[in-house]
Structure formats: C-alpha cells, structure tokens
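I opened the model today to look at how its parts pack. My notes follow in the order I made them.

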Amino acid sequence: CAVVLMLAEEGVLSRDDDIRLYVPELADCGAVVTIDHLMHNTSGIRDMLEIMRIGGCDLAMPVGHNALLAGIARQTTLNFPPGSRYLYSNSAFLLLGVIAARVSGMALRALLAARIFGPCGMAMTGMVESTDEVVPGLAGGYLPADAGRGVGAWVRAQHGFALGGEGALVSSV
C-alpha cells in the first residue's frame with residue numbers, strides 16, 4: 001500500500017482508478033473496483049487462497065504467480081458490492097503489487113527496495129517471492145527432514161504458492 005500511495009502522490013495513478021485500467025485481464029464483475037477498495041479490503045474480490053482451495057489446490061502444491069492471477073481473473077462475480085463491507089483478501093494485495101509493478105515498470109521486489117527499504121536504511125528487509133528462497137538468519141517454521149538426511153536434520157516448512165504483495169516481506173531488526 002505504501003508504494004501505491006507514493007505512486008498516487010506522484011500522479012502515476014489514482015486511488016479512485018478502476019483496477020481494470022491496470023489489470024485488464026480481470027473479468028468485468030458488473031461494478032467498479034478501485035485501488036482504494038483493494039487497499040481497504042472492501043473490494044469484494046474473492047481471496048486467491050480460497051479460489052485455489054475450491055479448485056482442488058492446497059498450500060503444499062506449487063502454484064505460481066501467473067496461476068494465482070489467472071484464478072482471480074476467472075472470477076465473474078464479487079463476494080459483495082465494492083465498498084459495502086470489509087473482508088480481508090490476499091487477492092487485493094497481490095493485485096496492488098501487480099498494479100505497482102506495471103505502472104512503475106519495475107518488478108515489485110526492486111520497486112520496494114528502491115522506494116522504501118533502501119531510503120529507510122532497511123538493509124535486513126526484502127521481498128521473498130518463493131518460500132524455498134534462502135534468507136540467511138530467517139527465523140521461521142521448520143520440520144524434521146526426511147529419513148536419510150541424518151539425525152537432527154531440518155528443512156524449512158514451506159507452502160507452494162508464489163508470494164507477492166500479499167505476504168512476501170521479511171525483515172529483521
């Protein structure tokens with residue numbers, strides 16, 4: 001949201017813009033969903049994790065960014081009229097990341113580093129797009145490794161979904 005607000009302040013986009021201006025592959029659901037709706041969880045757009053779950057996927061299955069976006073784009077109706085209620089949606093934050101990347105011409109990871117983390121001196125903060133990406137010193141969930149790796153061997157607990165604006169940030173003091 002912060003980088004989207006920066007872009008809005010610069011006049012690159014408006015919080016009142018229809019998100020389909022920037023993500024035209026989304027279906028017309030019969031109502032205008034704005035960037036502001038996404039930022040406030042009032043868009044009515046279905047959560048991508050639920051879309052994938054209903055389609056037979058679970059978090060252990062590898063699902064890439066394009067497949068997540070395609071799942072959102074296939075939805076032809078909303079949970080509720082935009083602005084009429086609040087419901088958290090990971091889809092909203094994935095879409096905000098997509099919009100920020102498209103209007104800036106930079107990958108979201110690079111955009112966040114250049115516009116927020118770098119200028120703020122946040123040297124131990126970044127975007128991790130895949131749960132199998134190694135982050136030195138990252139504290140997280142771990143599981144005992146499969147047999148054959150040795151006693152006391154551990155692996156990072158993972159899920160298979162790609163990460164974007166909805167949950168890819170890691171940070172340390």
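I started with what covers the buried residues of helix 5: the cover includes helix 1, helix 2, helix 3, helix 4 and helix 6. I note that this is a predicted model.

Next I checked burial along helix 5. I found 12 of its 15 residues buried, so I call the helix mostly covered. Among them are Asn 90, Ser 91, Phe 93, Leu 95, Gly 97 and Ile 99.

I then tested the length of helix 5. At 1.5 Å a residue, its 15 residues should span 21 Å. The end C-alpha atoms are 21 Å apart, which agrees. After the helix comes Gly 105, with a positive phi near 75°.

**The core**

Which residues touch the most other members of the largest nonpolar core? I got Ile 19, Ile 35, Leu 38 and Leu 95, out of 37 residues in that core. Helices 1, 2, 3, 4, 5 and 6 each supply at least two residues of this core. Helix 5 gives the most, with eight residues.

I looked up Ile 19 next, leaving aside neighbours within four places in sequence. Ile 19 is in contact with residues including Ile 35, Leu 38 and Leu 95. Its other contacts include Leu 26, Val 33, Ile 45 and Ile 99.

**Gln 75**

Last, I went to the loop between helix 4 (65-73) and helix 5 (90-104), where Gln 75 lies. The Gln 75 side chain reaches the backbone oxygen of Gly 71 at 3.1 Å. Beyond its neighbours within four places in sequence, Gln 75 is in contact with Ala 27, Cys 29, Arg 46 and Ile 51.

Key: Residues numbered from 1 in each chain as written. Predicted model: local features only at pLDDT ≥ 70, side-chain atom pairs only at ≥ 80, totals over all residues. Heavy atoms only, no water. Helix = DSSP H or I, 4+ residues; strand = E, 2+ residues; numbered from the N terminus. Polar contact = N/O pair within 3.5 Å; in protein donor to acceptor, adjacent residues only side chain to side chain. Contact = heavy atoms within 4.5 Å. Core = buried A, V, L, I, M, F, W, Y, C linked by side-chain atoms within 4.5 Å. Buried < 20%, exposed > 50% of the residue type's maximum accessible area, 1.4 Å probe, protein only. Expected span 1.5 Å × (residues − 1).
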